[in-house]
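Please take a friendly walk with me through one protein model.

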Amino acid sequence: MKHNLLLNPIRKAVVLFPIVFLYSCHNYFKVAAGPGISKRPDSVILAYPHRYFILRSGNDALYMGGMELSPDHKTLQCKLDTVPEEHSIYLKTGLHGNNRYKLGKPDTVVLSEVHFFITNDSNARPGLSYTLNLEKVQKVEILVKDKGRTTESYILGGLGITLGVVAVAAIIVAALKSSCPFVSAHDSSGLSLQGEIYGGAIYPQLARNDYLQLKMTPLPNGNLQVRISNELKERQFTDLAELMVITHKKDIQIRVDQNGNIFSISNPESPLSAKSGDHDILALVKAPNDQKVFAFDDTVQMPASPVELRFARPAKTRKAKLILQLKNSYWLDLTYGKMIEGFGAYYSTFIKNQHSRPLADLKRWTNEQQLPMSVSLKTRNGWKQIENIMTFGPLANRETVIPLDLDSTDGSEINVRLSCGFMFWELDYAAIDFSGAADYTLVTISPKKAIDETGRDVTALINKADGEYLEQPVPGNAADIEYAFTPNTDSSKIQTFILHAKGYYEHVRNFHGAPNIAFLKQFKKPDALSQFSLQLYRQAMGMNPGNFGPGNTVVVKNSKTTH
């Protein structure tokens, strides 16, 4: 087990890129340039800061390190440095001038590069701190595999680009992203990507309600705007998209649980301790949005060591609110993707058959594979599971509340356990709140109008949950939704916005070859996907991967895929 128990974005890149190229023999790269997959590049931005950024200032090329995005998303602060030799392949037009690179390091690092182009700026020099005005960026080039079987790149071109929810320009890498509908909302910086909805609901039977908190400011016409879009190769179906507007005092925060219940938070308290096995992870979960996460990445113990949180309990307290900020990992997407490659050309038939499976069977498999985040409370009779947090995607952290009934507990402490499959989730923050319920007012707003990318009015499809779905079958489909809004006029209060959506989606995959039956049968066993995840990780890190069932390795035999 690694001592720090987390994979920060840079270390994730080190892990994920070997996996991506492990199954590929192509050795040419290309520049993915142009307007991108749609005419609205902001809708395809994904917060995934794993790339190596190079500033192209006139004829000069400089590495951009330590990047920090300004709160208004208009400037990027960085420290410039010379570009090392291993990142000069593209600058020299590739090996022998034909955009060819050698397999293995150091040449493959060319595939991690993003190039920002500006006119020559004399202030851009090695060793200096530099502020990049994003309005000055003329184009962005992303280097990808030529004939890559899974990687898609999206170009961020021109001004008006919202850089997303992490600290750098965000780029979709379809090889690592199973996706679900993307949600953007109009805020102070324009239309900003803010999260995903009903992640993991990949069959009609799994269609579910989801609640996503949004940062919003009105449009010039006074309305609030949300965009729901399809950015990867899947079919998406949205039945409902209404907006919850909650008005409350400034000194409290409003959060919802996964069922849409509203909670007020006024005095969150950090854990007394946070451990995974023998490792202290308190520093990783004390502050929200600090890019320090616990990644459930114990490579020794299986199932992976859970997190145990210990909180002080005030005397005679009977109720509490557990607050968690977390998200799914890109690693989970990759692991699941490698599993379904085993179906080969049979995949489409398998999906059709799944549509007739009982809902209880689908949920049972999901739970047995430890896909949800399990939350348990230590009672006087032992550990008791109180919640399974459903997957909601890796795009952005989500803060959720789990109400705790403490009548079955004793003592002056509260003990909570969090567990999931190997590297399926990332925990950024944990706290507890004992405050009583604060006053608030709730107004639920149906869409005033919703227009898709063709100009068609789709309002009637999403204004109520009636089984009439807004269908978004291909990448580039997007619906812009506006809500009539009455702003708050009480200076002592603020408003919190929550999108209540319902729907499901389906993956589109074109695998070839015969199914690997022996490999697939293993996933009928509980915890098999978590064990497979560990094996993939160990193989990527050059460790002994162990055996995933008799006669099988991580590599899925007799299966090729195209996207």
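## A helix to begin with

Helix 8 covers residues 528–540, and its 13 residues reach 18 Å from the first C-alpha to the last, close to the 18 Å expected at 1.5 Å a residue. That expected span is 1.5 Å times one less than the number of residues in the helix. Helices here are DSSP runs of H or I with at least four residues, strands are runs of E with at least two, and both are numbered from the N terminus.

Before going on, please keep in mind that this is a predicted model, where local features need pLDDT of at least 70, side-chain atom pairs count only at pLDDT 80 or more, and totals for chains, interfaces and linings use all residues. Residues are numbered from 1 along each chain as its sequence is written, and side-chain values use heavy atoms, with hydrogens and water left out.

How many of the 13 residues of helix 8 are buried? Eleven of them are, so the helix is mostly covered. Buried means under 20% relative accessible area, exposed means over 50%, and partly exposed lies in between (1.4 Å probe, protein chains only). Among the buried residues of helix 8 are Ala528, Leu529, Phe532, Leu536 and Tyr537. Arg538 in helix 8 is buried too.

## The whole chain

Now let us step back. The protein chain has eight helices and 30 strands. It holds 563 residues, and 56% of them are buried. The chain exposes about 23,900 Å², with carbon and sulfur atoms supplying 50% of that area. Accessible areas come from the Shrake-Rupley method with a 1.4 Å probe, and for residues only the protein chains shown count as cover.

Which parts of the chain touch? Contact means heavy atoms within 4.5 Å. Of the contacts in the protein chain with a separation of 6 or more, 78% are between residues 24 or more positions apart.

## Salt bridges

The structure holds 15 salt bridges. A salt bridge is a side-chain nitrogen of Lys or Arg within 4 Å of a carboxyl oxygen of Asp or Glu. Here are three of them.

| Pair | Closest N to O | Relative accessible area |
|---|---|---|
| Asp480 and Arg227 | 2.6 Å | Asp480 16%, Arg227 5% |
| Arg417 and Glu308 | 2.7 Å | Arg417 24%, Glu308 35% |

Asp480 forms its salt bridge with Arg227. Asp480 lies in strand 27 (residues 478–483) and Arg227 in strand 11 (residues 224–229), so this pair ties together parts that are 253 residues apart in sequence. Asp480 is buried, and so is Arg227.

Arg417 pairs with Glu308. Because Arg417 lies in strand 22 and Glu308 in strand 17 (residues 307–312), the pair ties together parts that are 109 residues apart in sequence. Arg417 is partly exposed, and Glu308 is partly exposed as well.

Arg398 lies in strand 21 and is buried, at 11% relative accessibility. Its side chain makes a polar contact with the side chain of Asp210 at 2.7 Å. A polar contact is a pair of N or O atoms within 3.5 Å; within protein, one must be able to donate a hydrogen and the other to accept it, and residues adjacent in sequence count only if both atoms are side-chain atoms. A polar atom of the Arg398 side chain also lies 3.3 Å from the backbone oxygen of Tyr211. Leaving aside neighbours within four places in sequence, the contacts of Arg398 include Glu196, Leu212, Leu324 and Phe392.

Where does Thr409 lie? Thr409 is in the loop between strand 21 (398–405) and strand 22 (413–419). Is this residue buried or exposed? At 7% relative accessibility, Thr409 counts as buried. Its side chain makes a polar contact with the side chain of Arg313 at 2.8 Å and reaches the backbone oxygen of Leu406 at 2.7 Å. Not counting residues up to four places away in sequence, Thr409 also touches Leu377, Lys378, Thr379 and Arg380, among others.
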